[in-house]
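Colleague: Before I rely on any of the labels attached to this model, I would like to hear what each of them rests on.

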Amino acid sequence: MKVPLVDLRAAFEPIRDQVMRGFDASLEQMQLFLGPNVTAFEREFASFCECRHGIGVSSGTDALVCALKACGVGAGDEVIVPSLTFFATIEAVIHVGATPVFVDVEPERLSLNVDEISAALSPATAAIVPVHLYGFPADMDPILEIAGDLDLRVIEDAAQAHGARYKGRRCGSIGDVACFSFYFTKNLGAVGEGGFVATSKPEIAEHARLLRDHGHTSKYEHALVGYNFRLDELQAVVLRAKLERLEDGNLRRNAIAQIYRSRLDLPEITHLAPHDDFESAYHLYPIRVRERDALRAHLERAGIGSGIHYPVPAQRQPALQAHTHRAGDMPVAEAACKELLSIPIYPELSEEQLAAVIDAVTSFFEP
Ligand SMILES: *Cc1c(COP(=O)(O)O)cnc(C)c1O
């Protein structure tokens, strides 16, 4: 049985008719420039995130650039980032002219190690960007405490965490501002590119909204130098349809995670540790195994897709050789990168597919 790592077609089938009707209506009106669906989606997703304001943008990466700029982060500033993340987190910091300062992750859930933040601070530190990696919330309270003491901005990278909760609060509503991605494979995915800036701070929202569309205050007036970071109307049609199913989808992801934890409870496998107060959105399900590459090859022969998130810590990417950054030793991230293997987790995964994944993984260790 074939089990892909993600199944975009299966996610689209149930909303096909709704989306096609929405496309028809939009194209009939040709209201494609920040039209009614973008406006409605901004309201709906901000409300889902328990935030007052939401700005639809062109990607998660652009959301990060927009949020950093809207927080006033720029040249001369340092920004604390985790060593284990998708590279876009780091790119955004560099794009606004700031310097990324890397902090290792903690071993339980591989999010920013809050105990190591203080050693990374300097008088130039302006912001902290915790990443809710794989859908697990980062430990936000100690981060907010450090930020509060030093007047730093907290920008949540929630690109993998649509719907996750930290101590009852939605990821995306905890820091000053949060960034989401609607890349195809994310828990809430467009059929093109898209992203979102969520905040309850009116001044950040207003600044981000201006940045998103060339600083336009009226047709011929530009209040600031911005970007073309607009979310398009057709993506908003898809996102509205998928948002209605997000909560159910996340419940199913949680159920699958629980099954993996109990059925793949083998001495050779380390699972990331669930935490009662940290409700994961289970965007990914990475397990840790010593023989990662051999297991991956074994799964491939059995028709099971898998992925590596991520094979190297961000600070060791060749691109960073040309950019100023600060990083000490990152033993936890280094070790994790050699062992991580993501196995399929998505709402449409059937019972048969789930059983096939479990059989294939188990047969590697117990042939
Ligand atoms: C996907 C992702 C991004 C970037 O989002 P795009 O929409 O692909 O630009 C940023 N940070 C993290 C952690 C991501 O997973």
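The conversation below takes the labels one at a time and sets each against its definition.

Modeller: This is a predicted model, in which local features need pLDDT of at least 70 and side-chain atom pairs count only at pLDDT 80 or more, while totals for chains, interfaces and linings use all residues. Residues are numbered from 1 along each chain as its sequence is written, and side-chain values use heavy atoms, with hydrogens and water left out.

Colleague: Why is glycine 135 called buried?

Modeller: Buried means under 20% relative accessible area, exposed over 50%, and partly exposed in between, with a 1.4 Å probe and protein chains only. Glycine 135 has a relative accessible area of 0%, so it counts as buried. Its place is in the loop between strand S4 (125–128) and helix H7 (140–150), where helices (H or I, at least four residues) and strands (E, at least two) are DSSP runs numbered from the N terminus.

Colleague: Which residues are in contact with glycine 135, leaving aside its neighbours within four places in sequence?

Modeller: Contact means heavy atoms within 4.5 Å, and on that basis the partners of glycine 135 include Gln160, Ala161, Ala164, Glu279 and Tyr282.

Colleague: Tyrosine 282 and glutamate 50 both lie in loops; what makes each of them buried, exposed or partly exposed?

Modeller: Tyrosine 282, in the loop between S13 and strand S14 (285–288), has 4% relative accessibility and therefore counts as buried. Glutamate 50, in the loop between helix H3 (36–48) and strand S1 (53–57), has 42% and is therefore partly exposed. Neither is a glycine, yet phi is positive in both, about 40° for tyrosine 282 and about 60° for glutamate 50.

Colleague: What makes strands S7 and S13 edge strands?

Modeller: Two strands pair if DSSP finds at least two bridges between them. The open sheet of three strands has the order S7-S6-S13, with antiparallel pairing. Strands S7 (169–170) and S13 (278–279) each have a single partner strand, so one side of each is left without a neighbour in the sheet.

Colleague: How do you know that S6 and S7 pair?

Modeller: Two bridges join strand S6 (residues 165–166) to S7, and the definition asks for at least two. Arginine 165 has arginine 170 in S7 as its bridge partner.

Colleague: And what is the strand order of the sheet of seven strands?

Modeller: That open sheet runs S1-S9-S8-S5-S4-S2-S3, with mixed pairing. S1 and S3 are its edge strands, each pairing on one side only. Isoleucine 80 has valine 101 as its bridge partner in S3, while valine 79 stands opposite alanine 127 in S4.

Colleague: Why is strand S2 said to be covered on both faces?

Modeller: Five of the five residues of S2 (residues 78–82) are buried. Glu78, Ile80 and Pro82 lie on one side and Val79 and Val81 on the other. In a regular strand the side chains alternate between the two faces of the sheet.

Colleague: What makes a group of residues a nonpolar core?

Modeller: A nonpolar core is a set of buried Ala, Val, Leu, Ile, Met, Phe, Trp, Tyr and Cys residues joined through side-chain atoms within 4.5 Å. The largest one here has 76 residues, and Leu68, Val79, Ile155 and Tyr260 are among those with the most contacts inside it. Its largest share, eight residues, comes from helix H12 (residues 351–365). Apart from it lies another core, of 24 residues, among them Phe48 and Ala164.

Colleague: How do the axes of helices H9 and H12 meet?

Modeller: The axes are lines fitted to C-alpha atoms, for helices over the stretch in contact, and angles run from 0 to 180 degrees between N-to-C directions. Those of helix H9 (residues 233–263) and H12 come within 11 Å and cross at roughly 35°. In this contact, Arg252, Ile256, Ile259, Tyr260 and Arg263 in H9 meet Glu351, Leu354, Val357 and Ile358 in H12.
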